[in-house]
Amino acid sequence: MINVSSSTSTLSDDEFITVTVSGVSTPSNGDWVAMISPSNSNVNTCLQSELYYVQTGDIAKLPLLCHYPVKAQLLSNDPNYLSCKNQSCSGSIKFHVINIRTDIEFVFFTGGFLTPCFVARSTPLTFSNPKKPLYGHISSIDSTSTSMRLTWVSGDDQPQQVQYANGKSATSVVTTFSSDDMCSSALLPSPAKDFGWHDPGYIHSAVMTGLSPSSTFNYRYGSDSVGWSEQIKFSTPPAGGSDELRFITYGDMGKTPLDDSQEHYIQPGALSVITAIGDEVKSGNVDSVFHIGDISYATGFLAEWDFFLSLINPVASRVSYMTAIGNHERDYVNSGSVYVTPDSGGECGVAYETYFPMPTSAKDKPWYSIEQASVHFTLISTEHDWSQNSEQYAWMKQDMASVNRQKTPWLVFMGHRPMYTSDSSSADKNFVAAVEPLLLANKVDLALFGHVHNYERTCSVFQNQCVAMPKKDSKGVDTYDHGNYSAPLYVVVGNAGFKLDQFPSSVEDWSLIRISEFGYLRAHATRNDLSLELVTADTKEVKDSFHITK
């Protein structure tokens, strides 16, 4: 028998519920409970389902059901379960549940994850409001900071509103995507098409206009018919051309479960990193966030997007949250990606671009630039064609050449896959050969990347050679003199959640600092100084600091 205890008869938007299995005569290490959604998901055994996990890079031993269980937990997580000597034993485990709109059910299996044997299932549970507007996050649409885009998720296909700034309102544009929009192949079917598919509901997007830069205002979103979010306080970033900016950047975050579930692609550091960033946002010292690729790691297991959006909500609903696309959002066979890998699990950028509409020129052209205070940010897609005859290359060349360095003295270049990393297998020599000369020619100050799951900082480097070394200032902090410009410096900051990568025993001369700890890069730009600090998530200790001067 399986029983679910919740605080109410229907599920709230975010709660922990206790699932109890009773009447077990012989408790086993292989006893486990799946959370499935929708409740009519196929819970038969399908051994070939291992291929769906492995093709996205997840080699963990996970449940081989015919449809992906959103969560799975061993009953041995209850410390008293295996020690029971009665003929009728029980075990209780807690699941963290958020509103994913479709009803859920808990199913008891024996036989472990790899040879699951169905025993019992609970009655279906529904959310009290499956149409509830949730997971709102804000992004910049231009460099004036007088208009901001709010994007949220709901089970409601009718336009809703954002009410903001004491009496203003804007109506949402509603979109969604279906399994037909996902990629797949005959030889290797993708999880996004079927096994990992979950209905995303409806994604709402509305632009708030008439705002002032560097100011705060309250907003809420929803409608009278399906409900409203809470009132949220948001701060607009400074307009391009003003003096001072404080931003945070990282890559490769994903999500960490708040319970003991075993899920597809768990990123162990994500929770500590986003919690630390949330504390910084609360302090009022963050103007914007830049997440440079490998966003949720849903990779075709679509319910994971909701859990990621829920995780980042305390940050992304309060400051501008800008993103760049990574391999785990875009790449798939025969999809037009530069890299022919199944890393997106069949999403092919569709989910990413729907959840995170950036100020790009067109669909599936996820490159753009934005200016905030004294910084011009150029964000590219390393997964789309960047060769010298490509549309993206022409855009990069034009964008960086057009920067007014009197208005925005700093030029920061961002993309997912790095140019310089001690993990030599992760640096594409063709990418470096094509794009690096552009960075030098346009005097890029700082190039930021993810993809490799650690932190690494270089000297001023060009064509694999140090052309200038930083000097220590009076406080012993590395200082790059760009009043006497020589070349960009490169930083990998892919340590925001995914299991960390270690460094090889021998490294190139251009590699100055190497740290394998979870954290993020904190930056403070004025017109004459760009100061950066690597902050470790658990202790909030600054493990590396450097600055660039004009």
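The model is predicted: local features need pLDDT of at least 70, side-chain atom pairs count only at pLDDT 80 or more, and totals for chains, interfaces and linings use all residues. Residues are numbered from 1 along each chain as its sequence is written, and side-chain values use heavy atoms, with hydrogens and water left out. A search of the whole structure finds 23 salt bridges.

**Annotated regions**

- UniProt lists residues 246–455 as "domain: Calcineurin-like phosphoesterase", in an unreviewed entry.
- Over residues 246–455 the chain is 29% helix and 17% strand. The end C-alpha atoms of this span are 20 Å apart.
- The unreviewed UniProt entry also gives "domain: Purple acid phosphatase C-terminal", covering residues 487–545.
- Residues 487–545 are 0% helix and 49% strand. Their end C-alpha atoms lie 19 Å apart.
- UniProt positions follow the numbering used here, feature names are shortened, and annotations may be inferred rather than shown by experiment.
- Helices (H or I, at least four residues) and strands (E, at least two) are DSSP runs, numbered from the N terminus.

**Salt bridges**

- A salt bridge is a side-chain nitrogen of Lys or Arg within 4 Å of a carboxyl oxygen of Asp or Glu.
- Asp 259 forms a salt bridge with Lys 71, and the closest N and O atoms are 3.2 Å apart. Asp 259 lies in the loop between S17 and H2 and Lys 71 in strand S4 (residues 71–74), so the pair ties together parts that are 188 residues apart in sequence.
- Asp 259 is buried, with a relative accessible area of 11%. Lys 71 is buried too, at 1%. Buried means under 20% relative accessible area, exposed over 50%, and partly exposed in between (1.4 Å probe, protein chains only).
- Asp 243 pairs with Arg 527 in a salt bridge, the closest N and O atoms being 3.9 Å apart. This pair links distant parts of the chain, 284 residues apart. Asp 243 is in the loop between strand S16 (232–235) and S17. Arg 527 is in the loop between strand S30 (519–525) and strand S31 (529–536).
- Asp 243 is partly exposed at 47% relative accessibility. Arg 527 is partly exposed as well, at 24%.
- Glu 383 and Arg 417 form a salt bridge with the closest N and O atoms 3.0 Å apart. Glu 383 lies in the loop between strand S21 (375–379) and H6, and Arg 417 in the loop between strand S22 (410–414) and helix H7 (429–441), so the pair ties together parts that are 34 residues apart in sequence.
- Both Glu 383 and Arg 417 are buried.
- Arg 457, Lys 472, Asp 478 and Asp 544 are linked in a network of salt bridges.

**A buried glutamine**

- Gln 392 lies in helix H6 (residues 391–401). Gln 392 is buried, with a relative accessible area of 1%.
- A polar atom of the Gln 392 side chain lies 2.7 Å from the backbone nitrogen of Ser 381.
- The backbone oxygen of His 384 lies 3.3 Å from a polar atom of the Gln 392 side chain.
- Gln 392 touches Trp 367, Ile 380, Ser 381, His 384, Asp 385 and Trp 386, not counting residues up to four places away in sequence. Contact means heavy atoms within 4.5 Å.

**Backbone features**

- Pro 38 sits in the loop between strand S3 (32–36) and helix H1 (50–55).
- Asp 252 is not a glycine, yet has a positive phi of about 65 degrees. Asp 252 lies in the loop between S17 and H2. Asp 252 counts as buried, at 0% relative accessibility.
- Asn 334 also has a positive phi, about 55 degrees, although not a glycine. Asn 334 is in the loop between helix H4 (327–330) and helix H5 (350–355). Asn 334 is exposed, with a relative accessible area of 75%.

**Surface patch**

- Phe 16, Leu 258 and Leu 271 make a nonpolar surface patch of about 250 Å².
- Leu 258 lies in the loop between strand S17 (245–250) and helix H2 (270–282). Leu 258 is partly exposed, with a relative accessible area of 40%.
- Patches are made of residues with over 30% relative accessible area and no salt bridge: like charges are joined within 9 Å, nonpolar side chains (Val, Leu, Ile, Met, Phe, Trp, Tyr) within 5 Å.
- Accessible areas come from the Shrake-Rupley method with a 1.4 Å probe; for residues, only the protein chains shown count as cover.

Methods. Polar contact = N/O pair within 3.5 Å; in protein donor to acceptor, adjacent residues only side chain to side chain.
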